[in-house]
Amino acid sequence: MTKNPETERPAWTVRGSDRDEFPEVLRVVGEALLAGDDPDTMAERAFPLHDAVGYDRVLVAVDGEGDAEEVVGATNHFPFEMALPGGPRAVAGVTAVGVWPTYRRRGVLSALMRRQLADIRASGGRYAALWASEGAIYGRFGYGPAATEMETAVQRQYGVLRPEAPRDPALRVRLADPVRVRDDLALVHREVAAAQVGQFQRGSHWWDRFLRDKPDSRDGKSPRLAAVVSGPDGPLGYALYRTLNKWSGDGARGEVHVEEVLATAPAAWTALFEHLFNRDLTSRVRFGFLAEDNPLRHLVVDRDRVVPTLYTSLWMRLVDVPGALAERSYAAPVEAVVEVADRHAPWNAGRWRIGADRGGARVEAVQDAPDVSLDVSHLGAAYLGQTSLEGYLRAGLLTEHTPGAVAGLDAALHRADAPFCGRIF
Ligand SMILES: CC(=O)SCCNC(=O)CCNC(=O)[C@H](O)C(C)(C)COP(=O)(O)OP(=O)(O)OC[C@H]1O[C@@H](n2cnc3c(N)ncnc32)[C@H](O)[C@@H]1OP(=O)(O)O
């Protein structure tokens with residue numbers, strides 16, 4: 001094992017990887033994430049997707065040399081086209097981060113993150129996004145909690161929709177094997193993902209991944225079902241779900257577990273929710289992933305019976321601060337000098353004058369006195385228009401030099417619609 005001569009501790013290096021090494025990467029990341037899968041299962045799941053997107057973004061930390069070399073940490077990112085405020089953008093979807101348990105807390109992740117940010121920037125990338133296993137990890141690397149989503153479980157008797165919920169007799173709901181209606185799913189999703197901030201476009205390799213349905217991954221539930229709602233001009237929405245067959249002494253206690261429900265028209269939401277709440281022999285519908293502003297709570301008669309559990313989904317990282325701020329859309333005019341601290345991507349550090357209105361934005365490096373001083377993670381958090389900078393100000397985590405400057409930035413960055421990713425990648 002190589003040693004650092006000064007510290008006598010093991011030294012490692014970070015480098016790119018390839019397909020041949022990928023089983024090792026899976027072994028390390030799988031163990032770090034307590035995946036509990038055997039190597040063949042991991043490989044069977046991972047290779048098809050990665051064969052499609054390539055292995056050139058995989059980074060590994062390795063210890064030792066030659067035959068003794070071992071992978072001790074890894075990270076990767078997917079090349080996404082994700083809807084952001086301002087339009088669809090190239091986003092690095094950071095994934096599969098793991099450090100071998102006996103190498104943790106020695107700086108391996110820090111080295112991987114620094115290299116990954118530099119690589120994304122070198123390839124012209126402006127954004128990185130991820131789902132974090134733990135909220136304490138990524139703030140230090142400049143990621144901010146940018147999207148809050150919800151899960152909920154609704155007792156079936158409260159799944160009653162309001163009489164005035166939009167209902168269109170021309171719509172039909174079909175229940176099918178998702179693989180057979182895959183084209184309809186893809187059509188709906190493509191439309192949603194073009195505008196819904198936080199969604200990424202799914203190539204066919206992503207549909208292969210999401211529709212994979214092996215018995216060992218069902219956890220006692222049914223095979224996946226697709227309810228597709230269509231009008232005369234084609235599909236307008238779908239729900240992907242499984243059922244769980246349960247009984248108790250007083251009767252059926254089955255459950256509906258919804259993985260994804262999306263629609264492009266109000267009456268399609270109604271049709272889908274009415275389908276989900278009306279499966280016989282069930283007593284509860286669980287929704288795993290919903291936007292914070294999903295129509296469900298507006299459509300049910302008693303919104304308080306839809307109790308949301310909120311969680312952070314996307315953490316956003318501005319890899320190129322001026323580029324990202326310049327191509328964003330703004331809800332109100334703003335003029336401010338923002339002083340940015342960025343430990344891991346020093347090219348972002350400095351003072352940036354943002355001049356923006358509804359027509360566009362200019363961002364330039366300046367030496368002027370700042371109106372606000374903040375960390376790059378705060379800008380990442382606020383970028384999707386849901387997390388306010390005011391919250392960080394109240395918490396004493398950023399500094400406002402010009403009274404009202406933070407409120408002005410928030411008004412400009414705000415979006416009426418909540419971001420929604422809905423898929424852990
Ligand atoms: C996008 C995704 O893939 S999310 C999945 C992330 N992976 C996992 O959760 C798998 C299990 N965990 C691991 O593999 C590792 O513990 C990792 C990847 C989270 C951290 O790797 P390490 O090599 O130990 O991190 P590293 O030594 O570089 O730590 C850097 C700093 O982050 C802190 N840190 C690292 N992990 C955590 C954590 N889970 N909670 C709190 N602080 C953490 C360290 O204490 C250190 O702080 P310091 O700079 O103040 O000293």
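Helices and strands are taken here as DSSP runs, numbered from the N terminus, a helix (H or I) having at least four residues and a strand (E) at least two. The model described below is a predicted one.

In this predicted model, the ligand is surrounded by 23 residues, among which Ala32, Val97, Leu109, Ser110 and Ser133 are the closest. Two or more residues of this shell are contributed by each of β4 (87-99), α3 (108-122) and β5 (127-131), and β4, with six residues, provides the largest share. In terms of residue class, the shell around the ligand consists of 13 nonpolar, five polar and five charged residues.

The protein is divided into three parts, namely domain 1, spanning residues 12-125, domain 2, spanning residues 149-312, and domain 3, spanning residues 320-413. The centres of domain 1 and domain 2, taken over C-alpha atoms, are separated by 32 Å, and the contact between these two domains involves 13 residues of domain 1 and 13 residues of domain 2. On the side of domain 1 that touches domain 2, at least two residues are supplied by each of α2 (39-53), β3 (70-84) and β4, the largest share, five residues, coming from β3. That side of domain 1 comprises 11 nonpolar residues, together with one polar and one charged residue.

The contact is formed by Pro48, Leu49, Ala52 and Val53 on α2, which meet His205, Asp208 and Arg209 on α5. By class, the residues of this helix contact are four nonpolar, one polar and two charged.

With regard to annotation, an unreviewed UniProt entry places the feature "domain: Eis-like acetyltransferase" at residues 198-309.

Key:
Residues are numbered from 1 along each chain as its sequence is written. This is a predicted model: local features need pLDDT of at least 70, side-chain atom pairs count only at pLDDT 80 or more; totals for chains, interfaces and linings use all residues. A residue is near a molecule or strand if its C-beta atom, placed from the backbone, lies within 6 Å of it. Ala, Val, Leu, Ile, Met, Phe, Trp, Tyr, Cys and Pro count as nonpolar, Asp, Glu, Lys and Arg as charged, and the others, Gly among them, as polar. Domain bounds come from an automatic or database domain assignment. Two residues are in contact if their C-beta atoms, placed from the backbone, lie within 7 Å. UniProt positions are given in the numbering used here, feature names are shortened, and annotations may be inferred rather than shown by experiment.
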